[in-house]
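The exercises below are meant to be worked with the sequence and the coordinates side by side. Try each task before reading its solution.

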Amino acid sequence: MDTDLCLEDLEKRVSEYETEWSERKGKQDLLLEQLHEVEKHWKLYQEEKELLDQVRILFQKASDYARQQAKAQLELLVTRALQMVFGPAFSFIIELSEAGKNPSAEFFVVTDWDGMQVKNKPQDSRGGGIVDIISLALRIALITTIQPRVEGPLILDEPGKHVSKDYVVPMVQFLQLISQTYGRQIILVTHNSDLTESADEVYEVRLNGGKSELVLLTSP
């Protein structure tokens, strides 16, 4: 009888330990998922920081006249991108200043709300979509304005991945305008079906027997 009681007690404890382990495992999985998201956002932040640092270096190395020309071109292209995607209330400005002997540049998104202008840094603006479009436009601006001209297609990996569904179509229209204006082919790598619908040709990478296959889905 005592043996039976001991067995029941052990089985009960094992069941309790299993439940506790399952709960802890669930918490661990949740924490790992949250860590993965934080790492993704941190990587995005680092990429955007590197891009803005490159633009700042461009201004530092350029002459006064060249800086003003570059400033005007960058502001125009990024403003056009923001307005095409989010509407006419948005614009992009670059403020140049002297830090010691080196010029520095600060970037701002200006929003016009009922005649009142609100100026924020890109990372403080509405959602990740704003930063995505600014980043995209700045990359295009650097490639299209640098001398000597860099030839070849624009290859974009998951452009506008944080842009909400409502703004994907105008973002595509902006890319089409860029392609037509600068005579460049644009190659997109994406999982977004809204982007693929606007493409001239769509290829899908499929795994077949451990090997990647490129399958043509649509063509003109």
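**Exercise 1.** What percentage of the 220 residues in the chain do buried residues make up?

*Solution.* The model is a predicted one, and in it buried residues make up 29% of the 220 residues.

**Exercise 2.** Locate Arg 184 and describe the surroundings of its side chain.

*Solution.* Begin with the position: Arg 184 lies in the loop that runs between helix 4 (168-182) and strand 5 (186-189). Next, consider charge: Arg 184 is buried yet has no salt bridge, the nearest side chain of opposite charge being that of Glu 151, 5.3 Å away; a salt bridge would require a side-chain nitrogen within 4 Å of a carboxyl oxygen. Finally, leaving aside neighbours within four places in sequence, the residues in contact with Arg 184 include Ile 143, Val 150, Leu 154 and Ser 179.

**Exercise 3.** Which residues form the nonpolar patch on the surface, and which strands supply them?

*Solution.* The patch is formed by Tyr 203, Val 205, Leu 214 and Leu 216, which together have about 430 Å² of accessible area. Strand 6 (202-208) and strand 7 (211-218) each supply at least two of the patch residues. Tyr 203, placed in strand 6, counts as partly exposed because its relative accessibility is 43%.

Technical notes: Residues numbered from 1 in each chain as written. Predicted model: local features only at pLDDT ≥ 70, side-chain atom pairs only at ≥ 80, totals over all residues. Heavy atoms only, no water. Helix = DSSP H or I, 4+ residues; strand = E, 2+ residues; numbered from the N terminus. Buried < 20%, exposed > 50% of the residue type's maximum accessible area, 1.4 Å probe, protein only. Lys, Arg positive; Asp, Glu negative; His and termini not counted. Contact = heavy atoms within 4.5 Å. Patch = residues over 30% accessible without salt bridge, like charges linked within 9 Å, V, L, I, M, F, W, Y side chains within 5 Å. Areas by Shrake-Rupley, 256 points an atom, 1.4 Å probe, with all protein chains shown as cover.
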